[in-house]
Amino acid sequence: MRLLVAYEVDTVFGMAGTMTLELYRGLARAGIRHVQCRNEQGASFMADGYARATGKPGVCTIIGGPGVTNAATGIAQAYSDSQPMLVISGASPAPTHGKGWGAIHELNDQAAVTAGFTAFSAMVRYPDEVPELIARAFALFRGSRPRPVHLSVPRDILPLPVEADWKARRTPSLPMPDPSAIDEAAKRLAQARRPLIFVGGGAVGTRTALTEIAERIGAPVLATNAGKGILPHSHPLSLGCSILQRASQQALADADVVLLVGSEVAAGDHFLTKLEISGDIIRIDIDPTELTSMYCAALPIQADARAAMQALSAALSHYEPTCERSQGERRVQDILSRNAAEMTDLEKLHARVWTTLRSALPADTMVMGDATQLVYTGSFAMPMEIERCWYYSGNYCALGFALPMAIGAKIGAPQRPVIAVAGDGGIMFTVNELATAAEEHLALPVIVWNNDALKAIADGMDERRIPRIGVEPRSPDFVRLAEGLGCHVTRAASAEHLSQSVRQALGADRPTVIEVREDSPWLRA
Ligand SMILES: Cc1ncc(C[n+]2csc(CCOP(=O)(O)OP(=O)(O)O)c2C)c(N)n1
Ligand SMILES: [Mg+2]
């Protein structure tokens, strides 16, 4: 735990057990804050939210066996969204491994259980392995595509004395771009007649260079959910995160050169098997395996996006662009108006909720969105002027993500406004963590979008004429549920009331559950 402090760890999210008692002695001695979850899935989601709010890895301390299997969903979500997370778990005593003796919390090959959704997963065999494994984890977090790391420490290894003084090791910086590839990219972009820039979460931090490049070559800028706000929504070249909408998909298909920065173009953002892109793709990605994916790069650039975009912006000054800024702006207006014209009635209803929330929330509010129809629409209907403010469970799409993510974010950045938005189905997956949020006195509005259904799935059944089976669970009385867990609670009775409730909740002494019913008459007015 003292070694973790040397890597700037100040908070862990966890659940103790007999296996990990000695870890907790270390926590106390090292002065690390422990946030107690109600289920390890909550801990891993909270650690992820903390990482998104702070940029530092979220850390979990959990028991082995059921602690690990419970946490698995949140770890896999962080893996899918390239978030840094360090999971430290207990494990049954080393001599029992693989024997099937029925050791308490026994889990066969525990390191292998999480191997498929971590950067690496290791079982510590003796204490002096720990400094190298922790250093490897932080080298990955800071010097490559960040992804979770899982270290299991058997309960008989945990109390062993350590002679050496463990110190943090120096970690590498991010890879720089190849100057000749940057020059080639600048040349191709300058020649483009219908360029388009597509940015994902890996492009966070590139705003200045992105703006310069887009304006210079007249390129509309499309964002994924994770890339929302890198270019402010109000910029005349911004298409926002409208990739769910047809005209934006068409614009991507029609572009002759696409600059794709820091994104795997995950299906969770567009709901198609594959987006059509017929132009040449110039890709900037820190992860070399992305560069030859199904969106294969005609020009692959493996680098930190910040360095690459700065270099690209500078290189563009040597070339005369073919397309003018005004042409790009006209394309954006046209695409956005076609998208608006194609909105469904339900999307318009969702958009009313987002318009109300947008005006009630400060610009730097972090919105944690669950897999609910309201949030799918929010991807394009909730404008963001600032990056790292909009998070959606996207590709892994684990229901229950929003509330614990928001808790972790609020703990990591207490000065920032944070809200959670979840459906009546999704909220129930992690509703227990309202108790955590109440105990931590978090001023957290939790919007529950209630349509008394797992509507996205019910709609799918209706479309395919499959009888509705298992998609209309009876909702609890959210008022009594929230009160019982120590929260304020209200049911939005009008747009004004919703707005007022959210503002009040942002300054409250505990979380506030705000139920918004899809059948509210005021939403149809
Ligand atoms: C862990 C998990 N189980 C199942 C699903 C499949 N799923 C996706 S959306 C959805 C419905 C969610 O219902 P709700 O939260 O009420 O949102 P709504 O679609 O009604 O807006 C389900 C069951 C999932 N995404 N995650
Ligand atoms: Mg629902």
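What follows is a single answer that begins at the metal site and then moves through sheets and helix contacts.

Mentor: Keep in mind that this is a predicted model. Start with the magnesium ion (ligand 2). Which residues coordinate the magnesium ion? They are Asp 424 through OD, Asn 451 through OD1 and Ala 453 through O, at 2.1 Å. Along the sequence, these donor residues follow the spacing D-x26-N-x1-A. Now place two of them in the fold. Asp 424 sits in the loop between β15 (418-423) and α15 (434-439). Ala 453 sits in the loop between β16 (445-450) and α16 (455-463). The two are 29 residues apart in sequence, so this pair ties together separate parts of the chain.

Next, look at the strands β15 and β16. Both belong to an open sheet of six strands. Read its order as β14-β13-β15-β16-β18-β17. The pairing is parallel. Which strands form the edges? They are β14 (390-392) and β17 (488-491), and each pairs on one side only. Neighbouring strands of this sheet are turned against each other by 15° on average, direction ignored.

Zoom in on one pair. Strand β13 (residues 366-369) runs parallel to β15, and four bridges join them. Find Met 368 there. Its bridge partner in β15 is Ala 420. Then find the helix on this sheet. Helix α13 (residues 373-381) lies across β13, β14, β15 and β16. Its direction runs at about 140° to β14.

At one end, β5 runs parallel to strand β6 (residues 149-154), with four bridges between them. Phe 120 stands opposite Val 149 in β6. At the other end, strand β1 (residues 11-14) pairs with strand β2 (residues 33-36) in the parallel sense, over four bridges. Phe 13 stands opposite Val 35 in β2. Together, β1, helix α2 (residues 21-30) and β2 make a right-handed β-α-β unit.

Finish with two helix pairs. Helix α8 (residues 207-217) and helix α10 (residues 305-316) have axes that come within 8 Å and cross at roughly 35°. This crossing is left-handed. From α8, the contact uses Ala 209, Leu 210, Glu 212, Ile 213, Arg 216 and Ile 217. From α10, it uses Met 309, Gln 310, Leu 312, Ser 313 and Leu 316. What is the make-up of the contact of α8 with α10? Seven of its residues are nonpolar, two are polar and two are charged.

The other pair is helix α9 (residues 246-254) with helix α11 (residues 325-341). They pack at an angle of about 145°, with their axes 7 Å apart. On the α9 side, look for Arg 246, Ala 247, Ser 248 and Ala 251. On the α11 side, look for Ile 335, Arg 338 and Asn 339. The residues of this contact divide into three nonpolar, two polar and two charged.

Definitions and conventions. Residues are numbered from 1 along each chain as its sequence is written. Chains are lettered from A and ligands numbered from 1 in the order in which they are written. This is a predicted model: local features need pLDDT of at least 70, side-chain atom pairs count only at pLDDT 80 or more; totals for chains, interfaces and linings use all residues. Side-chain values use heavy atoms; hydrogens and water are left out. Axes are lines fitted to C-alpha atoms, for helices over the stretch in contact, and angles run from 0 to 180 degrees between N-to-C directions. A crossing is left-handed if the near helix is turned anticlockwise from the far one by less than a right angle, and right-handed if clockwise. Contact means heavy atoms within 4.5 Å. Ala, Val, Leu, Ile, Met, Phe, Trp, Tyr, Cys and Pro count as nonpolar, Asp, Glu, Lys and Arg as charged, and the others, Gly among them, as polar. Two strands pair if DSSP finds at least two bridges between them. A crossover is right-handed if, with the strands pointing away from the viewer, the path from the first strand over the helix to the second runs clockwise. Donors are N, O and S atoms within 2.8 Å of the metal (3.2 Å for Na, K and Ca); water is not among the atoms, so sites may look incomplete.
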